[in-house]
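Hello,

Here is the structure I promised to pass on to you. Have a look at it first, and then read my notes below.

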Amino acid sequence: METSDTGPQPQPAPRLRPGLLTFLGGVGTVTGSKFMVETDHARVLIDCGMFQGMAELRRRNWRPLPLDAADVHAVVLTHAHLDHCGYLPRLVKEGFHGHVVCTPNTARLAELVLRDSAHLLQEQAEHANYHGWSKHRPAQPLYDDKDVDRALSLFEPVPVGTETEITESTVLRLHHAGHILGSSWAHLTLEDGHTIAASGDLGRPVHPLLRPPEPFTGADVLLMESTYGNRHHDERGSRARFADALTRTLARGGTVVIPSFAVDRTEIVLHELAELRRAGRLPAAVPVFVDSPMALAALQIYRDAFAEQAPELRSGLTGDGGAALDPAPFTAARTVQESSAIQRSGMPSIIVSASGMATGGRVVHHLRRVLPDPRNTVLIVGFAALGTRARDLVDGARTLKMFGTYVPVRAEVVNVPGFSAHADAGEILDWLGSAPPPSATYLVHGEPEGSEALRDRIDRELGWTAVVPRSGERVLVQ
């Protein structure tokens, strides 16, 4: 009887498990975006946002994440707004020591946003300790300046349009998103070859300063923002309402306060005011104040981008951005003393001040002064989340609580959502265009009505499988 010995046979390579996607934030709300992607050898967090708005949402910032921060290999930031990057120093405080990947301009703006956030958090903790209103003894900030320093040391900016291996066999490609300077949508190729795309906050094709978003090119799974998933931006009508509100208010001797996000929204507002100056609709004698040190610092980063002729800017915008951004000119209020001087001025004026949802910052002081007087106007020029003073004003509140007391709302309130830098439902459908359908499209970063409306439109008009996920839900990437 013959036998043969051919030696040990090669073993087949172990089969890779499909990627796992977990929704840690930005679900059922427009804030706190965090999406964990896990494979056999990589754990990547797409965005690392802070929850804002209602107290219940803010409390979620203090809840431990269902993961070990030290095991996260990389964080991909789509852009530098606080609801997408503001939790990063806390993640570092909890042990994250991987690298943070984003565009160069996102890195520049993120430093500004995170340092400002730490300053405000430390101020809040000090105020709570002084007045004894916190249940914690002593109250501690969510993170501090040292945590921000450590987080910033982990940033590794990469150019848009290049493929970058951010972890073992996980490749990232960023595309212009047209939302704010540096914003991108992300495309990840996982080690098993499956792909996932995340829109971040998608911009609009009519942004006056930035090029339109690069179109979606396809992925196995898509994370799609839905902030305005149930709305249509009336661009022409919004600009007319904005100008008419200024004209009415100034004619009756009033002041206009514009709560404005420090990054990008201030630039859009200044651009529109500059256009109205040039058209003669905003008299040269009416002063325009920008009362936000953070907004002024962000404005300088935009001007640097103009000087560098950054490719994400619209063609024809050159120099330092003066012609595009300065309403001939505006007055900068950097110090507390300069801010107080604006409040003491009795002449009609336009005040652009942060924060955009009137949750804090210098704009709250201006609102306290102007709201009781029917000659004045408050212009809301961006999305106002539930639980914020801006949303209360849009919804017709007759009083607002600030500084421990109630202030009557007698000023005119004008909502101009068309100034938003978020794509509306139709613009999102256009962005998806003729790309091949993902196996699943998850509607995130939206309040329930917006997410559900966009889900229904994607299903009806594109025939794609669209889902509104639940917070904490896990799904496969395949």
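**What I found**

Strand β20 (residues 440–444) and β21 run parallel and are joined by two bridges. Within that pairing, tyrosine 442 sits opposite valine 467 of β21. Before going further, please keep in mind that this is a predicted model, in which local features need pLDDT of at least 70 and side-chain atom pairs count only at pLDDT 80 or more, while totals for chains, interfaces and linings use all residues. Residues are numbered from 1 along each chain as its sequence is written, and side-chain values use heavy atoms, with hydrogens and water left out.

A word on terms: helices (H or I, at least four residues) and strands (E, at least two) are DSSP runs numbered from the N terminus, and two strands pair if DSSP finds at least two bridges between them.

**The two sheets**

The β20 and β21 strands belong to an open sheet of seven strands with mixed pairing, in the order β7-β8-β9-β10-β11-β20-β21. At its edges stand β7 (163–167) and β21 (466–467), each with a single partner strand, so one side of each has no neighbour in the sheet.

Two helices lie across this sheet. Helix α14 (residues 448–462) lies across β11, β20 and β21, and runs at about 155 degrees to β20. Helix α13 (residues 425–432) lies across β9 (184–189) and β11 (221–225), at about 155 degrees to β11. Contact here means heavy atoms within 4.5 Å; axes are lines fitted to C-alpha atoms, for helices over the stretch in contact, and angles run from 0 to 180 degrees between N-to-C directions.

Another open sheet of seven strands, also with mixed pairing, has the order β6-β5-β4-β3-β2-β1-β22. Here β6 (155–157) and β22 (474–477) are the edge strands, each with a single partner, so one side of each is left without a neighbour in the sheet. On average, neighbouring strands of this sheet are turned by 25 degrees against each other, direction ignored. Inside it, β3 pairs with strand β4 (residues 74–76) in the parallel sense over three bridges, and isoleucine 46 has valine 76 in β4 as its bridge partner.

**A helix pair**

Helix α7 (residues 265–279) packs against helix α8 (residues 293–308) at an angle of about 75 degrees, with the axes 9 Å apart. The two are therefore roughly perpendicular to each other (65 to 115 degrees; under 35 counts as roughly parallel, over 145 as roughly antiparallel and the rest as oblique). Thr266, Glu267 and Leu270 in α7 meet Ala295, Ala298, Leu299 and Tyr302 in α8. By class, that contact has five nonpolar, one polar and one charged residues (nonpolar: Ala, Val, Leu, Ile, Met, Phe, Trp, Tyr, Cys and Pro; charged: Asp, Glu, Lys and Arg; polar: the others, Gly among them).

**Salt bridges**

How many salt bridges does a search of the whole structure find? It finds 22, counting a side-chain nitrogen of Lys or Arg within 4 Å of a carboxyl oxygen of Asp or Glu. For accessibility, buried means under 20% relative accessible area, exposed over 50%, and partly exposed in between (1.4 Å probe, protein chains only).

- Aspartate 40 and arginine 17 form one, with the closest N and O atoms 2.8 Å apart. The pair links distant parts of the chain, 23 residues apart: aspartate 40 is in the loop between β2 (34–38) and β3 (43–48), and arginine 17 in the segment before β1 (19–25). Aspartate 40 is partly exposed at 25%, whereas arginine 17 is exposed at 57%.
- Glutamate 56 and arginine 59 meet at 3.2 Å, N to O. They are three residues apart in helix α1 (residues 55–59), about one helical turn. Glu56, Arg59 and Arg63 are linked in a network of salt bridges.
- Aspartate 147 pairs with lysine 93, the closest N and O atoms being 3.3 Å apart. Aspartate 147 lies in helix α5 (residues 145–152) and lysine 93 in helix α3 (residues 88–93), so the pair ties together parts 54 residues apart in sequence. Aspartate 147 is buried at 4% relative accessibility, while lysine 93 is partly exposed at 40%.

**A buried loop residue**

Finally, take a look at valine 381, in the loop between β16 (377–380) and α12 (389–394). Valine 381 is buried, at 1% relative accessibility. Leaving aside neighbours within four places in sequence, its contacts include Phe242, Ile258, Val416 and Phe419.

Best wishes
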